[in-house]
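Hello,

Here is the model I promised to pass on to you. Please open it alongside this note, and then read on for what turned up in it.

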Amino acid sequence: MPQEFVCDLREVWYTYSGARAPALRDISLRIQRGEWLGILGSNGSGKSTLARVMNALLIPTQGACFVEGFPTSDTASLWEIRRRMALVFQNPENQIVGATVEDDAAFGPENLGFPPDEIRSRVRSALAVTGLSAKAGKPTYTLSGGEKQRLAIAGALAIDSPCLVLDEPTAMLDPVGRAEVLDVLASLHAQGRTILYITHRLEETLLCSRVVVLNNGAVVADGAADDVLSADACGGWGLEPPPLLLLRKALIDSGRIPSDTLPSYTALEAALCPSS
Amino acid sequence: MRFLNHMTFGQYIPTESLIHRLDPRCKILATTLLLTGIFLADHAVVYILWGVALIVLAGASKLPIRMVLGSARPVLILVLFTGLLHLFFTDGTPLVSVGPLVITREGIRLAAAMSFRLVFLVLFASFLTLTTSPMELADGIESLFSPLVRFGFPAHELAMMMTISLRFIPTLLDETDRIMKAQIARGAMLDQGNFFRRLQSFLPVLIPLFVIVFQRAEDLAVAMESRCYKGGSGRTRMNPLCWKNSDSFALLGVALGIVLVECADRNLSWFVTPLL
Amino acid sequence: MSIVVSALGYTYHPGTPLETVALEDISFQLEPGQWISVVGHTGSGKSTLAQHLNGLLPPQRGSVEVDGIPCRKGEGRLREIRRIVGLVFQYPEQQLFAETVFDEISYAPRNWSCPEQEVERRVRTAAERLGIPEATFQRSPFHFSGGEKRKIAIASVLAASPRYLVLDEPTAGLDTTSRKELLALLKELRSSEGLGILLITHDLEMALEMSSRILLLHEGRRFFWGTPDELLPELTERNAVRLAPPDILALSSRLLSRGCSVPLTWDWETLANALNRDPSFILRKNEADECAS
């Protein structure tokens with residue numbers, strides 16, 4: 001029975017052993033199916049901890065986390081949870097196991113014990129979606145950063161995880177790699193997958209349907225991207241609004257463009273120079 | 001250091017040939033038989049037969065004979081050293097005196113025999129690695145040792161360790177190169193000075209490498225776990241090993257060939273004095 | 001007294017199937033107190049270029065001269081060059097190895113055989129510049145956060161008192177606050193100590209903002225060499241360099257072509273101010289008011 005909420009965090013606290021302060025404070029968050037949720041925060045805000053709690057790599061010290069109805073504290077449901085919620089890490093290098101592209105994409109399905117034919121077809125379609133089909137037999141060390149991250153996503157697709165959690169996937173990539181990853185995610189979102197995107201770069205969250213901001217382990221904002229990302233509050237959270245939003249705000253404040261202008265460059269251009 | 005990118009471990013050359021298509025288990029077993037056969041050889045003439053076998057194998061694997069012979073290059077120094085040792089320090093009927101050292105007839109025979117054995121050993125072992133990808137080798141070893149799992153032998157873990165280590169070799173080489181350059185840029189004399197000076201300068205290269213490797217191990221373990229890795233039990237493979245008739249024929253052929261060579265060897269004593 | 005690069009060329013693995021021309025016919029100059037940004041797509045030869053400036057790679061074609069000293073194989077003066085040109089690699093925190101922060105930062109000056117007192121002075125100066133408190137000198141460099149480790153690594157290069165500083169993507173992986181701090185520091189080093197800075201980056205906006213001159217590389221060749229202002233029109237016209245022009249710049253260019261009186265700029269504030277002062281704005285506002293009433 002498909003649950004309404006892909007992930008349900010109820011008053012979750014987490015403290016690393018030996019740490020003085022909790023990394024997560026009283027987090028209550030519900031993630032709907034098909035959402036593209038952006039989780040923003042500066043370094044030390046607890047975003048990575050949150051990702052690991054959601055994937056059952058860490059169990060909350062207090063409170064509970066449910067993934068598709070399964071409690072993360074229940075060891076029997078561990079593999080069910082990990083199958084439904086795939087995690088893509090920040091360092092593209094340290095999550096690739098296979099020597100070739102298709103070997104690595106097959107790692108997940110092999111772990112789950114699928115028959116060889118099924119593994120092969122899953123790998124093929126996963127590589128097609130992420131645009132890596134041409135590189136299927138190539139060694140993984142020859143891939144660029146962006147390609148490696150796409151491979152990690154392909155691995156998640158191969159086990160058919162309905163939800164992807166990405167922990168700062170573009171932090172170590174160049175602009176080309178960043179664009180590649182975001183493109184793939186956009187198409188996955190369009191297909192109905194739930195995406196949890198953790199980052200400190202605000203411009204990447206403009207594609208998200210909903211944005212949650214973490215500061216010092218607590219949720220300080222939760223809503224639509226342009227509501228949350230106003231210039232004033234961001235500074236206090238250690239985040240820098242992208243030039244697009246700053247420009248838009250300046251132009252709205254002066255009355256140059258209507259306040260309902262969408263946060264995109266095309267919308268700005270259209271509002272500034274309406275074709276007459 | 002980038003040149004090593006195109007040389008993988010054991011210099012696997014991916015070509016389409018009869019030998020390449022054989023099951024790796026067959027090749028591992030056949031190589032073991034071949035190596036045993038070489039050590040049983042007594043007569044010089046037999047080595048000619050082994051030479052012929054080598055040429056036949058090279059042809060069957062579509063590898064240029066020059067490339068196959070080239071794989072023995074790293075051990076030439078060892079072969080020379082062993083040969084010289086046997087040449088000068090074997091008791092028997094003296095032939096020539098070179099200063100205090102005496103060359104005996106037995107010495108010549110022994111030197112020749114040992115040198116040939118070593119060279120053939122390396123050449124036949126290279127055949128295995130030239131025609132079998134590291135992945136296949138790991139799979140083959142895992143499969144061959146799997147009956148020992150019930151006695152506690154970690155066949156799967158061994159194979160997994162092999163695969164992961166091999167996958168990271170090019171990456172580590174790049175990182176070593178980078179760290180060496182960073183330290184040279186700070187004045188380290190890695191390319192100058194006597195042996196001990198250079199050794200001392202290598203600590204600033206080794207320590208960062210260790211840090212990288214340990215961090216990688218930790219990250220990778222977490223990534224593997226989050227991709228549902230739970231060890232060898234229940235795990236399938238995308239390209240499972242499949243023992244075919246051609247493998248049985250090949251193995252039997254090798255076994256037969258060795259038996260025939262051995263017979264020839266023993267009967268040769270009728271015509272030629274044994275070498276040893 | 002400057003770094004002079006003329007017609008520099010370098011090929012990896014010449015004569016093998018892996019032969020790649022990394023650099024071809026590159027010429028430029030770095031003066032003390034100048035900030036040059038080297039921008040280009042991945043594989044355009046930026047890192048190869050950086051290694052030539054420090055004597056790590058000898059030029060195969062053309063020449064590199066640092067303060068009059070030629071960088072040549074077997075020249076024997078490469079160590080001198082490495083003293084003058086400090087090189088900070090990408091993710092420099094990966095080079096940390098010492099037992100204490102002090103040992104780490106003093107590594108370079110000790111290698112250059114500075115007397116112990118001088119070493120101490122340099123370590124203190126470098127640490128102060130990077131904001132590394134003296135109280136932490138005896139701690140292990142591995143006990144710090146990523147950003148702090150990077151500061152220690154950069155301090156260790158600065159401690160050699162180089163005249164020029166070459167940095168390969170120094171802000172990679174840093175969050176906004178750390179990034180701003182680092183750029184401010186580099187700016188200060190340039191103005192107060194007259195350090196010549198060569199910065200390799202993908203970030204065109206950063207290059208446009210901070211540099212006195214920009215060197216744009218494309219597939220190993222010099223695509224552009226000039227001031228940021230000279231570069232702006234080139235960026236909007238041609239997209240041949242596999243580097244997307246900064247969005248604000250693209251927007252200002254499109255607005256310009258549609259008749260708005262705005263300058264060609266990458267800075268949102270400049271654009272906003274220009275748009276708000278646009279005389280045609282008043283006209284349109286009146287039109288809008290008329291339509292509304």
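How many residues does the contact take from chain A and from chain B? The answer is 32 residues from chain A and 26 residues from chain B, where two residues are in contact if their C-beta atoms, placed from the backbone, lie within 7 Å.

A word on conventions before the rest. This is a predicted model, in which local features need pLDDT of at least 70 and side-chain atom pairs count only at pLDDT 80 or more, while totals for chains, interfaces and linings use all residues. Residues are numbered from 1 along each chain as its sequence is written, and chains are lettered from A and ligands numbered from 1 in the order in which they are written.

**Where chain A meets chain B**

The contact, as said, takes 32 residues from chain A and 26 residues from chain B. On the side of chain A that touches chain B, at least two residues each are supplied by α2 (78–84), α3 (101–111) and α4 (116–129) of chain A. Helices (H or I, at least four residues) and strands (E, at least two) are DSSP runs, numbered from the N terminus. With six residues, α3(A) gives the most to that side. Sorted by class, the side of chain A that touches chain B has 16 nonpolar, ten polar and six charged residues. Here Ala, Val, Leu, Ile, Met, Phe, Trp, Tyr, Cys and Pro count as nonpolar, Asp, Glu, Lys and Arg as charged, and the others, Gly among them, as polar.

**Where chain C meets chain B**

This contact takes 20 residues from chain C and 18 residues from chain B. The elements of chain C that give two or more residues to its side are α3 (101–111) and α5 (146–158). Of the elements, α3(C) gives the most to the side of chain C that touches chain B, with three residues. That side has twelve nonpolar, seven polar and one charged residues.

**Chain A on its own**

Chain A has ten helices and ten strands. Its radius of gyration is 20 Å, close to the 19 Å that the globule rule gives for 276 residues, so chain A is as compact as a globular protein of that length. (The radius of gyration is taken over C-alpha atoms, and the globule rule is 2.2 Å times the number of residues to the power 0.38.) The C-alpha trace of chain A spans about 60 × 45 × 35 Å along its principal axes. Of the 276 residues of chain A, 51% count as buried; a residue is buried if 20 or more other C-beta atoms lie within 10 Å of its own, exposed if 12 or fewer, and partly exposed in between, with C-beta atoms placed from the backbone. Among the contacts in chain A with a separation of 6 or more, 64% are between residues 24 or more positions apart.

- Helix α5(A) has 14 residues and reaches 20 Å from its first C-alpha to its last, close to the 20 Å expected at 1.5 Å a residue. The expected span of a helix is 1.5 Å times one less than its number of residues. In α5(A), 14 of the 14 residues are buried, so this helix is largely enclosed by the rest of the structure. Just after α5(A), A:Asp160 takes a positive phi of about 55°.
- Helix α6(A) covers residues 175–190, and its end C-alpha atoms are 22 Å apart, which agrees with the 22 Å that its 16 residues should span. The buried residues in α6(A) are A:Gly177, A:Arg178, A:Glu180, A:Val181, A:Val184 and A:Leu185. Seen down the axis, they fall within an arc of 160°, so they line one face of the helix; the arc is that of the directions from the helix axis to the C-beta atoms. These buried residues pack against α5 (145–158) and β8 (194–199) of chain A. Just after α6(A), A:Gly192 takes a positive phi of about 105°.

**Chains B and C**

Chain B comes to eleven helices and two strands. A compact globule of 276 residues would have a radius of gyration near 19 Å, but chain B has 24 Å. Of the 276 residues of chain B, 27% count as buried. Chain B is divided into domain 1 (1–132 + 244–276) and domain 2 (156–240), with bounds that come from an automatic or database domain assignment. The C-alpha centres of these two domains lie 33 Å apart.

Chain C has eleven helices and ten strands, and 42% of its 293 residues count as buried.

Happy browsing!
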